[in-house]
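Work through the exercises below with the sequence and the model side by side. Try each task before reading its solution.

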Amino acid sequence: MSETSVIHVLVVEDHPVVRRAVCALLSGDPILNIVCETADGGQAVQKAEELQPELILLDIGLPGISGIEAARRIRRVSPKSRLIFLSQHDSVQMVKDALNVGGHGYVAKIDAGQELLKAIRSVREGKQFVSQRIMSQGWKMDTQNSADG
């Protein structure tokens, strides 16, 4: 993702209140353009293939197929999209699972207000991002494979 170009974002979140809050947060940044919002994993894969967004914010607990399975499929149909998981789950194992299927970042929903824009900046710069909440549980960034690998 380029530092200065507009970033097209697909937001995948099944809870309408959370989805609206995420979109409101993103709309405050002029380089972020929400191209689509969806509420389930199957639609996420379809929209990722159709729109080829630079960034996908993806919940894990989705109806239909899970965010983990959606990410696996998205990596095949939209390989250049960067994935940031946004989830209520904050276990180290869940983070490992999410990053192992191609995630570039992981933000605990409870911390999204403080960390989501930081995560987007990090991922835009080619870095991996994991919420401080997970880092404090002993997460080590160097224990993960590259999300691009």
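Predicted model: local features only at pLDDT ≥ 70, side-chain atom pairs only at ≥ 80, totals over all residues.

Residues are numbered from 1 along each chain as its sequence is written, and side-chain values use heavy atoms, with hydrogens and water left out.

**Exercise 1.** Determine how β1 is joined to β2 and to β3.

*Solution.* Begin with the assignment: strands (E, at least two residues) and helices (H or I, at least four residues) are DSSP runs, numbered from the N terminus. Two strands pair if DSSP finds at least two bridges between them. By this criterion β1 and β2, which run parallel, are joined by six bridges, and leucine 10 stands opposite cysteine 36 in β2. Between these two strands the chain passes through helix α1 (residues 16-27), and the β-α-β crossover is right-handed, a term meaning that, with the strands pointing away from the viewer, the path from the first strand over the helix to the second runs clockwise. Next, four bridges join β1 to β3, again in parallel, with valine 9 and leucine 55 as bridge partners.

**Exercise 2.** Decide whether serine 81 is buried or exposed, and find the polar partners of its side chain.

*Solution.* First locate serine 81, which sits in the loop between α3 (67-77) and β4 (82-87). Serine 81 counts as buried because its relative accessibility is 1%; buried means under 20% relative accessible area, exposed over 50%, and partly exposed in between (1.4 Å probe, protein chains only). Then turn to polar contacts, which are pairs of N or O atoms within 3.5 Å; within protein, one must be able to donate a hydrogen and the other to accept it, and residues adjacent in sequence count only if both atoms are side-chain atoms. The side chain of serine 81 makes such a contact with the side chain of serine 78 (2.5 Å), and a polar atom of the serine 81 side chain lies 2.5 Å from the backbone oxygen of proline 53.

**Exercise 3.** Identify which residues touch the most other members of the largest nonpolar core.

*Solution.* A nonpolar core is a set of buried Ala, Val, Leu, Ile, Met, Phe, Trp, Tyr and Cys residues joined through side-chain atoms within 4.5 Å. Among the 25 residues of the largest core, those touching the most other members are Val12, Ile56, Leu58, Ile74, Phe85 and Tyr106. The largest share of this core, four residues, comes from α3. Apart from it lies another core of 19 residues, including Val11 and Val123.
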